[in-house]
Protein chains: 4
Amino acid sequence: ATSLDDSSSGKKFASYTVFKGKAALSVHPILPSFSKLESGGARVSRNGSVMLTFFPAVGQRKYDYTKKQLFALSPTEVGSLISLGPAESCEFFHDPSMKSSHEGQVKKSLSLTPLGSDSGYFVNLTVLNNVQKTTDRLSVPITKGEFAVLRTTLSYALPHIMGWDQALTNHHPAPQAS
Amino acid sequence: ATSLDDSSSGKKFASYTVFKGKAALSVHPILPSFSKLESGGARVSRNGSVMLTFFPAVGQRKYDYTKKQLFALSPTEVGSLISLGPAESCEFFHDPSMKSSHEGQVKKSLSLTPLGSDSGYFVNLTVLNNVQKTTDRLSVPITKGEFAVLRTTLSYALPHIMGWDQALTNHHPAPQAS
Amino acid sequence: ATSLDDSSSGKKFASYTVFKGKAALSVHPILPSFSKLESGGARVSRNGSVMLTFFPAVGQRKYDYTKKQLFALSPTEVGSLISLGPAESCEFFHDPSMKSSHEGQVKKSLSLTPLGSDSGYFVNLTVLNNVQKTTDRLSVPITKGEFAVLRTTLSYALPHIMGWDQALTNHHPAPQAS
Amino acid sequence: ATSLDDSSSGKKFASYTVFKGKAALSVHPILPSFSKLESGGARVSRNGSVMLTFFPAVGQRKYDYTKKQLFALSPTEVGSLISLGPAESCEFFHDPSMKSSHEGQVKKSLSLTPLGSDSGYFVNLTVLNNVQKTTDRLSVPITKGEFAVLRTTLSYALPHIMGWDQALTNHHPAPQAS
């Protein structure tokens, strides 16, 4: 029984990655955290997210993973992305050090802009570092089919990163006749 | 084995909350109830719902949880909400004491009206108390992205609050060769 | 362990029912059947379906369950129903005795026709019995919100009545390092 | 306990098949592969796919299964298919021996072209064998309802063939109070 528990507790990792000329974009989901209640149940204490990871290209089909840049989409940002119309744009701004003494040192912005004629989007990440005086720009064009994969997997992921799949699981399979 | 049962029987809670200037709106799903059949199976005896909870703001980013107002959406009301077009409105009327001697004392109405130009909705709750001669009005504007989160999580929740996920689970993983 | 098996093997039942002036319509899913393979696995041997049950009204909010009429939607008919546009109609014809000596004795037809101005559908069942020389007609108007419940629950049910949920379940939670 | 493990480890198979005048088309999902990590978890090492199998007709309702032709859709190709507009076409090219010494010997192309007036698609497979100097063409018309079944089951399958369902499963049902 012990080995079964070990194997069943093993975390699984899955992502969706597109490799393009100037950069690659990898997307993976992050689970929410729960905190235990006195009743014996549990409540979501921190929502999960959908993490976008950008890698710059350093040659043909070669990417530098040490220069990766991250952007974590909140549930509401995931909602904005999956409801984006073919001709619409969206943009999100993050400060990784918000509400700390480092607030404002690094500013990140992620935008999706249409490629034109119902054919996909440019996904652009800009990271402005006011301390190192650097600006990183990474841009990945995604096709309509690739965006459909993102929209479908992110729609699937959304209730899970918010813990709704667990709140909607019946832990008592059948009422007991006693 | 006992502790595993205890932990697996712990109920999980998850919600989606938006905090706005005059009020906050929190949404969480409620599971259906089953009653046991003589055959050993079970049948849905009461559908679940999606509960909306409104809290008035009493200062900047401060909300008074003691003044909360509730509105429980039935499966059909959830269907109306998730199929709402960008320029459409909907309104639901509830009497918490329907078919009791207190019928008509309290009247609740929930409406969604478009914010204009495909940009979200106003979610308005009015609670009219004919005994206390009071009227509570709570209004929360939700963005297009926030509505996409609601539509996606409510679409996910709908089969679960109706018990279809459990009716569609195969309890016999594989036929036995005997 | 025995009692756990018993409770987990209990079949669950769930449906969606709308009660209208002249008739009621109840919808519930039916699971597919699997047959065992020599490899130890199993294959879908018969697809499930979505069963529609119509009851005529015999007074105000009273329905005669002994006069019920059934119509089982195949996966492809479910596909037609969930992809129905607001102004479109569809019609399906069934012979419950097809390919038997009673073929042609009973003919059933189910149609959905728009109520007009994007507001729902009439669901009409006609049962023509050539032996008893009778024709039963049952008609239930469903609102846009009720149709959204049907479309959402039937879209959820479709992969399940075809057994895809089970084919897509990983029965080996993690590879073993041995 | 041993027999339960055996039965629960049995693989399940499900598909969706349409039989038409000149050929039949069967569609089934293929699970992803995971490789074990040192941490005890696992990572998707190869995405799953959606396999299309075409069989030519050799008489009325008779199909020659020995002459079947296969085409495996990648996640991105599944995305293209499920986001196809009613009047749009798509085409995919595969070389089963890509990056081997046999590259270019066999070329497969799959296309979906609209049947016209929002009524479905032709699904066409062409297999060009440069060694045997043969060209196989198989074409299956699918109705709007059949395409809705494909779109719904493929949208359901997509997160599963990419392993996202497993990455989004919480393997620790509740935090332990210790």
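Author: Two strands pair if DSSP finds at least two bridges between them; helices (H or I, at least four residues) and strands (E, at least two) are DSSP runs, numbered from the N terminus. The model is a predicted one, in which local features need pLDDT of at least 70 and side-chain atom pairs count only at pLDDT 80 or more, while totals for chains, interfaces and linings use all residues. Residues are numbered from 1 along each chain as its sequence is written, chains are lettered from A and ligands numbered from 1 in the order in which they are written, and side-chain values use heavy atoms, with hydrogens and water left out.

Reader: How do you know that β11 and β12 of chain D pair?

Author: Strand β11(D), residues 120-129, is joined to strand β12(D), residues 134-143, by 10 bridges, and the two run antiparallel. Since the rule asks for at least two bridges, they are a pair.

Reader: What makes K144(A) and E88(D) a salt bridge?

Author: The term requires a side-chain nitrogen of Lys or Arg within 4 Å of a carboxyl oxygen of Asp or Glu. The side chains of K144(A) and E88(D) meet at 2.6 Å, N to O, so the pair qualifies. One salt bridge is the count between chain A and chain D. Residues of chain A that touch chain D come from elements including β3 (23-30) and α3 (144-161); α3(A) gives the most, with 13 residues.

Reader: How large is the contact between chain A and chain D, in residues and in area?

Author: Contact (heavy atoms within 4.5 Å) takes in 34 residues from chain A and 35 from chain D. About 2,800 Å² is buried between the two chains, 65% of it on carbon and sulfur atoms; such area is the accessible area (1.4 Å probe) that two parts lose on being put together, summed over both. K12(A), F13(A) and Y156(A) supply 23% of what chain A buries against chain D, more than any other three residues.

Reader: Why is helix α2 of chain D called mostly covered?

Author: Buried means under 20% relative accessible area, exposed over 50%, and partly exposed in between (1.4 Å probe, protein chains only). Six of the eight residues of α2(D), residues 75-82, are buried, so the helix is mostly covered. Those residues are P75(D), E77(D), V78(D), G79(D), L81(D) and I82(D). Elements against which they pack include α3 of chain A and, in chain D, β6 (49-59) and β10 (106-114).

Reader: How many of the 178 residues of chain A, as a percentage, count as buried?

Author: Of the 178 residues of chain A, 47% count as buried. The secondary structure of chain A comes to four helices and 12 strands.
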